[in-house]
Protein chains: 2
Amino acid sequence: MGPKERRQREREEIRSRILDAAREMFATEGYEAVTMRRIAEKIEYSPTAIYFHFRDKETLIRELCDCDFRMLAFQFHEIARIDDPIERLRATGRAYARFGLENPNQYRLMFMTPHPPLDPETHSIERGNPEEDAYAFLKGTVADAIARGLFGGGHDDVELLSQTIWAAVHGVISLQIAKHNDEWVDWKPFEARVDSMIDIIIAGLSRETAATAKPAKETK
Amino acid sequence: MGPKERRQREREEIRSRILDAAREMFATEGYEAVTMRRIAEKIEYSPTAIYFHFRDKETLIRELCDCDFRMLAFQFHEIARIDDPIERLRATGRAYARFGLENPNQYRLMFMTPHPPLDPETHSIERGNPEEDAYAFLKGTVADAIARGLFGGGHDDVELLSQTIWAAVHGVISLQIAKHNDEWVDWKPFEARVDSMIDIIIAGLSRETAATAKPAKETK
DNA sequence: CACTTAACTTAACACTGTTAAGTTCAGGAG
DNA sequence: CTCCTGAACTTAACAGTGTTAAGTTAAGTG
């Protein structure tokens, strides 16, 4: 209980003040707007002070990122209670899309920007736990759907299907974020595109696999 | 014949030398590696010389981008001769995926990075011409499929379907580019993911619309 | 020949992330 | 109490960025 713990607490406090300042600037103005000097200015320290708490800018931003991953997984809390896997899948897709639309800067950093592999894999998120790991949550739903026989025959690879479903919704979101200002394309409303994608994917999964559904003709 | 045209030609020549130097650095080392100073060094001019040919770095890079868009559209040249719209669609998706995998840096800039809207819409590409405009090519194929009754009833909005199909394949590519180094996910091979996506989308679009394929139950 | 003008260079500005060196000051040891 | 350690910070600087203002050079034109 000595002053040692107080020091520790103070350290954590300024640490999270840095994080908070960075988060706000990042969320409202985007990645480019976050500079060490501006963070420092906001919390009224010198720029170098930050380096006492974070190795470099990259690790600072990555810590923000981890936090957002957990926030995303948290969006699925309510949805987990939907019993029908198909409806759960639909709701998951929509929630994911909403997250992307409402947090475009975070989404860009999380899913649209290549990162160098993290050295010691020191994530603070428990991998595989659907409460914290959004991908694990999706896999769980897909596995349920397969187990209950809701997908057509041939659709039995949980990993592959999860990655495909994820990519489908991610495609809509990331095009929205990257190109919704692009006048080249007459964009349909975002919600319409999300629903269209989810409907088509679910319809496609409900049928037999292509090999059996296709007109029996070996192409090539 | 006069020296006026020679000057013009020389100007074009150095202009394209800048472009070429930038393109090479960009393709092999990525966006961050391209700096005005390094371009200048490569072509043995001073950094400021570039500004005599391009307003700023942004417009230089955007001109590269335009070129890549045309290159993408060119990939579809052969494919245009496939008669069956469904098979043409399949081939288009695969060619698009290959383009993304082989040109990740270009793909990132073209489809994964938000750009401020271009002032006077001075693209050098003819919009709507399938020979130059890849999106127009896709729309053409989708329209064909609808016209021949290959999609289920209800799937009749060319624009919406094109955007959905594009987003689906784009999702696979962009996750590959941004996250294939991420050990969090046990990635299936890229080709498998592309084929899975295309098969599911086509299955979802074929014949009966979602409403009839779904168990007849009004959700909500 | 004088003059304009395009094409360029040099030097600088205002930024960026990051680091080396110096300062301050609370807390523990003797 | 003094002495000293070491954490937490600041100041100054480095090497880099995109960009611009001012100066130079040389070719073409009246």
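Me: What are H7(B) and H8(B) roughly to each other, parallel or antiparallel?

Reply: This is a predicted model, in which local features need pLDDT of at least 70 and side-chain atom pairs count only at pLDDT 80 or more, while totals for chains, interfaces and linings use all residues. The axes of H7(B) and H8(B) are 10 Å apart and the helices pack at an angle of about 165°; axes are lines fitted to C-alpha atoms, for helices over the stretch in contact, with angles from 0 to 180 degrees between N-to-C directions. Angles under 35 degrees count as roughly parallel, over 145 as roughly antiparallel, 65 to 115 as roughly perpendicular and the rest as oblique. H7(B) and H8(B) are therefore roughly antiparallel.

Me: Which residues in H8(B) meet H7(B)?

Reply: Residues are numbered from 1 along each chain as its sequence is written, and chains are lettered from A and ligands numbered from 1 in the order in which they are written. Helices (H or I, at least four residues) and strands (E, at least two) are DSSP runs, numbered from the N terminus, and two residues are in contact if their C-beta atoms, placed from the backbone, lie within 7 Å. From H7(B) come B:Ile165, B:Ala168, B:Val169, B:Val172 and B:Gln176, and these meet, in H8(B), B:Phe190, B:Arg193, B:Val194, B:Met197 and B:Ile201.

Me: Is the crossing of H4(A) and H8(A) left-handed or right-handed?

Reply: H4 (residues 85-102) and H8 (residues 190-206) of chain A have axes that come within 10 Å and cross at roughly 150°. H4(A) and H8(A) are therefore roughly antiparallel to each other. A crossing is left-handed if the near helix is turned anticlockwise from the far one by less than a right angle, and right-handed if clockwise. For H4(A) and H8(A) the crossing is right-handed.

Me: How many nonpolar residues has the contact of H3(A) with H5(A)?

Reply: H3 (residues 57-74) and H5 (residues 104-111) of chain A pack at about 105°, and are therefore roughly perpendicular. H3(A) gives A:Ile61, A:Cys65, A:Asp68 and A:Phe69 to the contact, and H5(A) gives A:Gln106, A:Leu109 and A:Met110. Ala, Val, Leu, Ile, Met, Phe, Trp, Tyr, Cys and Pro count as nonpolar, Asp, Glu, Lys and Arg as charged, and the others, Gly among them, as polar. In this contact 1 residue is polar and 1 is charged, and the number of nonpolar residues is 5.

Me: Which element gives the largest share of the side of chain B that touches chain A?

Reply: Contacts join 43 residues of chain B to 46 residues of chain A. On chain B, two or more residues each come from H7 (158-179), H8 (190-205) and H9 (210-213). The largest share, 14 residues, comes from H7(B).

Me: Over which residues of chain A is the pLDDT below 50?

Reply: pLDDT is the predictor's confidence in each residue, from 0 to 100. The mean for chain A is 91, with 92% of residues at 70 or more. One stretch of chain A, with 5 contacts in the model beyond near neighbours in sequence, has pLDDT below 50: residues 212-220.
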